[in-house]
Structure formats: structure tokens, C-alpha cells
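Here is a short briefing to read with the model open beside you. Take your time and find each residue as it comes up.

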2 protein chains.
Amino acid sequence: MQFSKDDLGAMPSRYRAHFVNSLSGYKSANLVGTTDGKGNHNLAIVSSVVHLGAHPPLVAMIMRPDVVERHTLSNIRATGWYTINQVNSGFWQAAHQTSAKYAVHESEFDAVGLEPQFIGECPAPFVSQSLLKYSVKLVAEQVIEQNGTLILIGAIEQGEVSDNALCSDGHIDLNSIDTVAITGLDGYHVGSRLGRLSYAQPHVWPSALDD
Amino acid sequence: MQFSKDDLGAMPSRYRAHFVNSLSGYKSANLVGTTDGKGNHNLAIVSSVVHLGAHPPLVAMIMRPDVVERHTLSNIRATGWYTINQVNSGFWQAAHQTSAKYAVHESEFDAVGLEPQFIGECPAPFVSQSLLKYSVKLVAEQVIEQNGTLILIGAIEQGEVSDNALCSDGHIDLNSIDTVAITGLDGYHVGSRLGRLSYAQPHVWPSALDD
């Protein structure tokens with residue numbers, strides 16, 4: 001089927017949300033851990049974490065200030081810290097359940113059965129069950145004026161990854177730690193590997209990399 | 001293993017690129033089609049396309065102005081248009097190969113064996129082989145001052161998706177069209193479905209959705 005901007009505008013709101021959220025392709029599945037500094041821990045599933053740069057190591061995250069993520073956002077602003085924890089197939093339903101609108105005094109950790117963990121000086125909780133996770137310091141916020149969303153820019157501080165997932169060239173094998181990907185609003189997947197390819201050069205077809 | 005900011009800083013450049021690019025999780029695999037308006041078509045694989053909002057339908061893309069994507073960027077600035085085409089398992093190697101540094105006069109379409117397609121008023125080429133694609137009009141550019149990357153904000157204009165991929169609630173089944181996801185710099189995967197989950201509500205465990 002073909003669709004136009006007018007077709008998208010005419011869709012019922014929830015239908016359009018499913019449809020447009022599917023257009024970008026697979027999305028990362030991460031749990032963002034925060035604290036309000038008064039003993040209340042928060043956990044929120046986020047599908048908008050994106051790589052921003054390796055040197056310095058920066059990660060971006062898009063947030064809507066008006067939805068459930070507002071506790072996450074206010075905690076990040078209050079403390080300057082958050083953790084990013086890759087979701088894996090061992091707790092994908094629990095990760096999804098963090099998107100329910102729990103009250104401030106209810107910890108999503110307790111509500112969904114995940115365990116907080118603390119590493120280094122970061123006051124925000126990590127997810128013990130995650131096999132790839134790191135703490136992030138908020139560096140800047142930018143507003144997307146077109147729809148009021150925010151881009152949070154964060155510096156990667158300290159982290160932990162399963163030894164067996166690390167390849168000799170620095171690539172991390174996300175299949176080996178069963179990292180989950182999201183489609184649309186509520187589709188969950190693990191990856192099925194096609195392969196890694198050599199650095200592309202003109203007029204030379206890429207070859208498969210072993211790792 | 002644990003890693004600190006200092007450990008990341010001490011990694012050899014290419015090792016660090018592989019490592020940090022793996023931290024965000026699965027990334028979308030899209031080919032971005034552009035034209036310079038003088039008959040030269042360009043195609044570039046991009047792993048940074050992210051959903052920005054459904055109403056209005058907006059999509060963001062992070063670009064580094066100093067790398068191979070510069071032809072893509074200058075074409076987008078010149079014409080105001082680009083196309084986003086989901087990569088599928090039928091042409092993932094060809095998609096990867098578009099990242100080679102071809103000269104301006106060489107079309108990546110010819111070089112990698114993909115076919116241009118034109119839909120509506122968009123002057124930029126679509127990828128005929130892609131089963132989910134849409135044209136985008138550049139709305140704004142924002143600079144990330146921390147590392148000089150750009151966020152392009154685009155309005156979704158017109159597109160095409162396989163009929164069989166569309167679910168009754170608007171969700172698009174990316175498994176059915178073999179959409180590809182990227183890990184790190186060069187890892188390619190298709191999705192293996194865990195399931196869809198119902199809208200999360202406090203104190204109610206999510207149930208599986210059929211589609």
C-alpha cells in the first residue's frame with residue numbers, strides 16, 4: 001500500500017502511533033535507571049537510545065516530557081546521572097512492564113521484579129540482570145521545537161559487559177547476551193545473525209568477518 | 001569486565017569505535033536516497049534513523065558532517081528531500097557496500113546493484129528492492145556542540161509498505177519483510193520475534209498480543 005502525509009493525518013491516534021513508530025526500523029531496548037536522591041529509584045524502558053560518538057563516548061536519548069518518562073527526566077535533572085541497561089530475553093516482559101504509570105513512591109524495580117545494583121560513584125541504580133550496562137552523566141539537553149521532544153546528550157562514564165560477549169576487535173556480540181530489539185510500540189525481538197562485513201571499499205565486494 | 005571513561009579513552013581508535021558503537025544496542029538499518037538535482041543519485045547506509053513523533057510524523061537522523069555521508073548531507077541541503085528505505089535480508093551486503101567512498105559521479109545504485117524508483121513529487125530516489133520506504137522533507141538541522149554531529153529533523157511525506165506486513169492495529173510486522181538491524185559498525189541481523197505485549201498498566205502483568 002502507498003500512504004501520504006494526509007493518510008497519516010487521518011489515521012486514528014493509536015493506529016497512527018503504531019504505524020509511524022514502525023517506520024524507523026528496529027530500535028534499541030534499554031532500561032534507564034534513575035534516582036530522585038531521596039531513596040526513590042525509577043526504571044523506564046526507552047527505545048530511543050542512539051549512539052552519538054565514540055570519542056568522546058556520547059550517547060543520546062529522545063524523551064517526551066509529557067509521558068511516563070517524566071519521573072526519569074526529573075530524576076536525571078535533579079542528580080545529573082542515569083544508567084543505561086540493555087534489555088535481554090531473560091526479562092523483556094518485566095522491562096515492558098516498567099512503562100506502566102506507577103506512582104512516584106512505587107519503585108519499578110520492586111513492581112516488576114528486577115534487582116538494583118550500584119557501581120562506582122553513580123547514585124542511579126543499574127539493573128543487576130542486564131549483561132551490558134553503563135552509567136551516564138547528563139551533558140546537555142536540546143529541545144526539538146517541531147514537537148517539543150527533548151534530546152538528552154550524555155557522557156558514558158563507567159560500565160560492565162559480559163566477558164564472553166567482547167570480540168577481539170572491540171565489537172560486542174549482542175547475540176551472545178540475548179539483547180532485545182523493539183519494533184513499533186510493543187514488538188520485541190532478539191537478533192538472528194546474518195554476519196559481520198569487512199570495511200567497505202569502492203569496487204571490492206565486502207567479505208564476511210569472523211569473530 | 002568493567003570499563004571506565006579512562007579505559008575508553010585509552011582504547012585504540014578503531015577498537016573504541018567498535019566498542020562504543022555496540023553500547024546502544026540494536027540500530028535501525030536504512031538506506032538514505034538523495035539526488036544533487038543534476039542527475040547524480042546517492043545512496044548511503046545509515047544506522048541512526050530514529051522515531052521522533054507520530055503527530056506530526058517526524059523522523060530524526062544523526063549525521064557526521066566529515067565522513068562519507070557528506071554527499072548525502074549536501075544533497076539533502078541542496079534539494080530539501082531524501083528517502084528512507086528499510087534494508088532487508090535480500091540486499092544487506094549491497095546496503096553495507098554503499099558505505100564505501102565512491103566518487104561523486106559514481107552512483108551507489110549502479111555500484112552495488114540496486115534499482116532507483118521514484119514516487120510522487122520527491123526528486124530523491126527510493127530503493128526499489130526495499131519493502132518499507134518513504135520520502136522525507138528536511139524541516140530543521142540541529143548541531144550537537146559536544147562533538148559536531150548533526151541531527152536532521154524530517155517530515156514524513158509519502159511512502160510504500162508491503163500490504164502483508166500491516167497489522168490490523170497499525171503495527172507493521174518487520175519480521176514479515178525481513179527488515180535488518182545493525183549492531184556496532186558492521187554486524188547485521190534479522191529479528192527473531194519474542195512477541196508483542198499489551199499496553200502496560202500498574203499491577204497487571206502484560207499479556208501477549210496476537211497480530
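Which residues does Asn75(B) touch, not counting residues up to four places away in sequence? They are Thr34(B), Thr35(B), Asp36(B), Asn42(B) and Gly80(B), where contact means heavy atoms within 4.5 Å.

Before going further, two notes on reading the model. This is a predicted model, in which local features need pLDDT of at least 70 and side-chain atom pairs count only at pLDDT 80 or more, while totals for chains, interfaces and linings use all residues. Residues are numbered from 1 along each chain as its sequence is written, chains are lettered from A and ligands numbered from 1 in the order in which they are written, and side-chain values use heavy atoms, with hydrogens and water left out.

**Around Asn75(B)**
- Asn75(B) sits in helix H3 of chain B, residues 70-79; helices (H or I, at least four residues) and strands (E, at least two) are DSSP runs, numbered from the N terminus.
- Asn75(B) counts as buried because its relative accessibility is 8%, and buried means under 20% relative accessible area (1.4 Å probe, protein chains only).

**Where chains A and B meet**
- Chain A brings 105 residues to the contact, and chain B brings 105 residues.
- Together the two chains bury about 9200 Å², with 61% of it on carbon and sulfur atoms; buried area is the accessible area (1.4 Å probe) that two parts lose on being put together, summed over both.
- There are four salt bridges between the chains, each a side-chain nitrogen of Lys or Arg within 4 Å of a carboxyl oxygen of Asp or Glu.
- Asp186(A) and Arg196(B) meet in a salt bridge through their side chains, at 2.7 Å from N to O.
- On the side of chain B that touches chain A, strand E13 of chain B (residues 187-197) gives the most, with eleven residues.

**A strand pair across the chains**
- Strand E13 of chain A (residues 187-197) runs antiparallel to E13(B), and nine bridges join them; two strands pair if DSSP finds at least two bridges between them.
- In this pairing, His189(A) has Arg193(B) as its bridge partner.

**A hairpin in chain A**
- Strand E5 of chain A (residues 49-54) has six of its six residues buried, so E5(A) is largely enclosed by the rest of the structure.
- E5(A) and strand E6 of chain A (residues 57-63) run antiparallel, joined by five bridges.
- Two residues form the hairpin link from E5(A) to E6(A).
- Look for Val49(A), which stands opposite Met61(A) in E6(A).

Terms used: Buried means under 20% relative accessible area, exposed over 50%, partly exposed in between (1.4 Å probe, protein chains only).
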